[in-house]
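My entries are below, in the order I made them.

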Amino acid sequence: MRRRPGIAGLQNAAATRDQFRLVGENVAKVRTDVMKEQLATFRSQLEEFARKHKSDIRKNPVFRQQFHEMCAKVGVDPLASNKGVWAELLGIGDFYYELGVQIVDICIATRSHNGGLIDLLDLRKLLGQKRKATLESLSEDDCLRAISKLKVLGSGFEVISVGRRKLVRSVPTELNKDHSGILGLAQAEGYVTVEQVEREFSWSTGRAIDALETLLKEGLAMIDDGHRDGKRRYWFPCVTVSSDTAAVEAKS
């Protein structure tokens, strides 16, 4: 017959578990302290790197993007505040603030043409004209970072992907998959018909008309009934408006 462990044995087992727990906690603390020390060292080196390459970071969009990626890896956001070491070192907070203001201006000025959706490439071209800069000097990444900071305005500013295009939305319109699908289809010719939508997505007539009329109501589409075949065209300026036309509106 096996003997049950006595009180002393149970106490010894509990003490052993406590010792293992303390050892584990100490190991975890040491690892955490080492990681904190390594991050502090890396941040210090990052600041020194920023001082050394300040001019390249401000002038070269590719270099600037790579710098942001390095910062993200150690939890540093140079755009989180316009005050402090990063603003003093680089002044890039001012750069993105100014860029954000210009993006808002262009989106508002072109809204009557595109209903609040503008192609990101068209936006970059207009920004280049406004800033008297080349397209290459203002990267897509710069625009995306500036737009991400505009979300605090609560006015619907965001970037959506439609097919291979990226569109900047500046109105608080909720676009579902049906709407995005139609915008993607419209990229081929700039317009769609109810019949095209039905055929492409295997939708019922009611579903196609409902989605198209919602886009029309939100100002994202225009109707054209002047065709011999009698089929209504739904035009989408956000995927067809030229930068030159938008530029004229942006200057007004």
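**Ground rules**

I am working from a predicted model, where local features need pLDDT of at least 70 and side-chain atom pairs count only at pLDDT 80 or more, while totals for chains, interfaces and linings use all residues. Numbering starts from 1 along each chain as its sequence is written, and side-chain values use heavy atoms, with hydrogens and water left out.

**The chain overall**

I looked up the secondary structure and got 12 helices and six strands. These are DSSP runs, numbered from the N terminus: helices are H or I with at least four residues, strands are E with at least two.

Next I checked burial. Of the 252 residues in the chain, 36% are buried. For my own reference, buried means under 20% relative accessible area, exposed over 50%, and partly exposed in between, with a 1.4 Å probe and protein chains only.

Then I looked at contacts, meaning heavy atoms within 4.5 Å. Among contacts with a separation of 6 or more, 57% join residues 24 or more positions apart.

**Cysteines**

How many disulfides does a search of the whole structure find? I got zero, where a disulfide would be a pair of cysteine sulfur atoms within 2.5 Å. I also looked up two cysteines by name. Cys107 has 1% relative accessibility, so I put it down as buried. Cys143 is at 0%, so it goes down as buried too.

**α7 and α8**

I then turned to helix pairs. The axes of α7 and α8 are 10 Å apart, and the packing angle is about 95 degrees. Axes here are lines fitted to C-alpha atoms, for helices over the stretch in contact, and angles run from 0 to 180 degrees between N-to-C directions. That makes the two helices roughly perpendicular. The cut-offs I used are under 35 degrees for roughly parallel, over 145 for roughly antiparallel, 65 to 115 for roughly perpendicular, and oblique for the rest.

From α7, the residues in the contact are Leu120, Leu123, Arg124 and Leu127; from α8, they are Glu140, Cys143, Leu144 and Ile147. Sorted by class, I have six nonpolar, no polar and two charged residues in this contact. In this scheme Ala, Val, Leu, Ile, Met, Phe, Trp, Tyr, Cys and Pro are nonpolar, Asp, Glu, Lys and Arg are charged, and the others, Gly among them, are polar.

I picked one more residue from each helix. Leu126 lies in α7 and, at 4% relative accessibility, is buried.

Leaving out residues up to four places away in sequence, Asp142 touches Pro61, Arg64, Phe95, Tyr96, Leu99 and Ser137.

**α10 and α11**

Helix α10 (residues 194-201) and helix α11 (residues 205-217) have axes that come within 9 Å and cross at roughly 120 degrees. I therefore filed this pair as oblique. On α10 the contact uses Val194, Val197 and Glu198, and on α11 it uses Thr205, Ala208, Ile209 and Leu212. The class count here is five nonpolar, one polar and one charged.

I followed up Ile209 of α11, which counts as partly exposed at 35% relative accessibility. Ile209 and Val197 are 12 residues apart along the chain, and their C-alpha atoms are separated by 9.0 Å.

**α9 and α11**

Helix α9 (residues 177-186) packs with α11 at about 80 degrees, axes 10 Å apart, so I noted this pair as roughly perpendicular. Asp178, His179 and Ile182 of α9 contact Arg207, Ala211, Leu212, Thr214 and Leu215 of α11. By class I have four nonpolar, two polar and two charged residues.

**Positive phi**

Most residues other than glycine have a negative phi. Which loop holds Lys132? Lys132 is in the one between α7 and α8, with a positive phi of about 55 degrees, and it is exposed at 77% relative accessibility. Ser202 has a positive phi near 55 degrees and sits in the loop between α10 and α11. I have Ser202 down as exposed, at 66% relative accessibility.
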